[in-house]
Amino acid sequence: MLGGQTVAPKDGSLAGRVLNPVTGQPVPEVHLTLSPVGQGERLAATTDAQGNFSFAHVKPGRYTMSGSKAGYANTAYAPPTLATRGAY
């Protein structure tokens with residue numbers, strides 16, 4: 001007989017690229033915050049010279065992501081719900 005086993009959800013990652021919506025060019029040095037809906041630890045990242053960003057150790061759940069940079073309007077985005085064992 002097999003016993004029951006509980007497996008804790010694995011952390012995942014979220015990566016992407018920030019582009020200027022008018023020119024399509026990458027936007028470096030954007031300060032990003034990934035905030036869980038409800039409560040939990042906020043994660044921070046900054047885009048590199050090519051506009052790339054990555055959040056590591058993201059727990060499964062629902063999040064909003066906001067970004068800010070001088071000279072640009074602050075924006076907020078709701079990425080899809082992050083499930084277990086994934087990279088998005």
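What follows is a short talk about the labels used for this model.

Mentor: A word on the ground rules: this is a predicted model, where local features need pLDDT of at least 70, side-chain atom pairs count only at pLDDT 80 or more, and totals for chains, interfaces and linings use all residues. Residues are numbered from 1 along each chain as its sequence is written, and side-chain values use heavy atoms, with hydrogens and water left out.

Trainee: What makes up the pattern of the protein chain along the sequence?
Mentor: The pattern reads β-β-β-β-β-β, with zero helices and six strands. Helices (H or I, at least four residues) and strands (E, at least two) are DSSP runs, numbered from the N terminus.

Trainee: Why is serine 35 called buried?
Mentor: Buried means under 20% relative accessible area, exposed over 50%, and partly exposed in between (1.4 Å probe, protein chains only). Serine 35 has a relative accessible area of 13%, so it is buried. This serine 35 sits in strand S2, residues 31-36, and leaving out residues up to four places away in sequence, it touches Arg42, Arg62, Tyr63 and Thr64. A contact here means heavy atoms within 4.5 Å. Across the 88 residues of the protein chain, 24% count as buried.

Trainee: Why is the pair of phenylalanine 53 and phenylalanine 55 called edge-to-face?
Mentor: The structure holds one aromatic pair. The ring centres of phenylalanine 53 and phenylalanine 55 are 5.8 Å apart and the planes stand at 65°, so the pair is edge-to-face. The rule is that rings of Phe, Tyr and Trp (its six-membered ring) pair if their centres lie within 6.5 Å, with planes under 30 degrees apart stacked, over 60 edge-to-face and the rest tilted. Both phenylalanine 53 and phenylalanine 55 are buried, too.

Trainee: What share of the contacts in the protein chain join residues at least 24 apart?
Mentor: Among contacts between residues at least 6 apart in sequence, that share is 51%.
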